[in-house]
Amino acid sequence: MEVARVGALAAVGSVIAVEIVAVIGKALGAPEVSALTAAPLAVFTVVGVAVATVAWVLLGRRPNGGQLLRVLVPIVLVVSFVPDLLLGVGGTAWSSVATLIVAHTAVFLVTIPVFVRLLSPSRLTR
């Protein structure tokens with residue numbers, strides 16, 4: 001499957017996942033913040049997955065691509081929590097912050113298995 005289609009598949013799955021997380025978070029009492037509304041969630045998710053797709057392919061083509069991705073992917077996930085935590089420090093309700101962190105994790109849980117299966121480093125170096 002070509003890279004653009006894999007990225008699109010990961011993006012669509014991720015948008016669905018973050019929208020579900022946002023609905024559940026709000027149902028559990030997370031106050032509405034702009035980052036938890038449908039349009040920003042979808043746009044940021046698609047942009048993030050597009051950047052991740054490009055990075056995955058570029059890093060995966062390196063001779064040690066698999067090892068590099070195994071180290072960098074969890075680091076990037078944790079770093080992605082920083083803006084959310086800064087929102088909390090800035091006064092956003094921590095329940096909304098937690099919802100955003102779960103949304104980032106949902107993108108990770110959708111995107112990485114798609115990439116591993118369809119864009120494995122061994123396929124990229126052929």
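Contact here means heavy atoms within 4.5 Å. Helices (H or I, at least four residues) are DSSP runs, numbered from the N terminus. This is a predicted model, where local features need pLDDT of at least 70, side-chain atom pairs count only at pLDDT 80 or more, and totals for chains, interfaces and linings use all residues. Residues are numbered from 1 along each chain as its sequence is written, and side-chain values use heavy atoms, with hydrogens and water left out.

Let's start with two helices. H2 (residues 38-60) packs against H3 (residues 65-89) at an angle of about 140°, and their axes are 8 Å apart. H2 is therefore oblique to H3 (angles under 35 degrees count as roughly parallel, over 145 as roughly antiparallel, 65 to 115 as roughly perpendicular and the rest as oblique). Axes are lines fitted to C-alpha atoms, for helices over the stretch in contact, with angles from 0 to 180 degrees between N-to-C directions.

Who touches whom?

| Helix | Residues in the contact |
|---|---|
| H2 | Trp56, Leu59, Gly60 |
| H3 | Gly65, Leu68, Leu69, Leu72, Val73 |

These contact residues divide into six nonpolar, two polar and no charged (Ala, Val, Leu, Ile, Met, Phe, Trp, Tyr, Cys and Pro count as nonpolar, Asp, Glu, Lys and Arg as charged, and the others, Gly among them, as polar).

Now for the rings. The structure holds one aromatic pair: tryptophan 56 and phenylalanine 115, tilted, at 5.3 Å centre to centre with 50° between the planes. Because tryptophan 56 lies in helix H2 and phenylalanine 115 in helix H4, the pair ties together parts that are 59 residues apart in sequence. Rings of Phe, Tyr and Trp (its six-membered ring) pair if their centres lie within 6.5 Å; planes under 30 degrees apart count as stacked, over 60 as edge-to-face and the rest as tilted.
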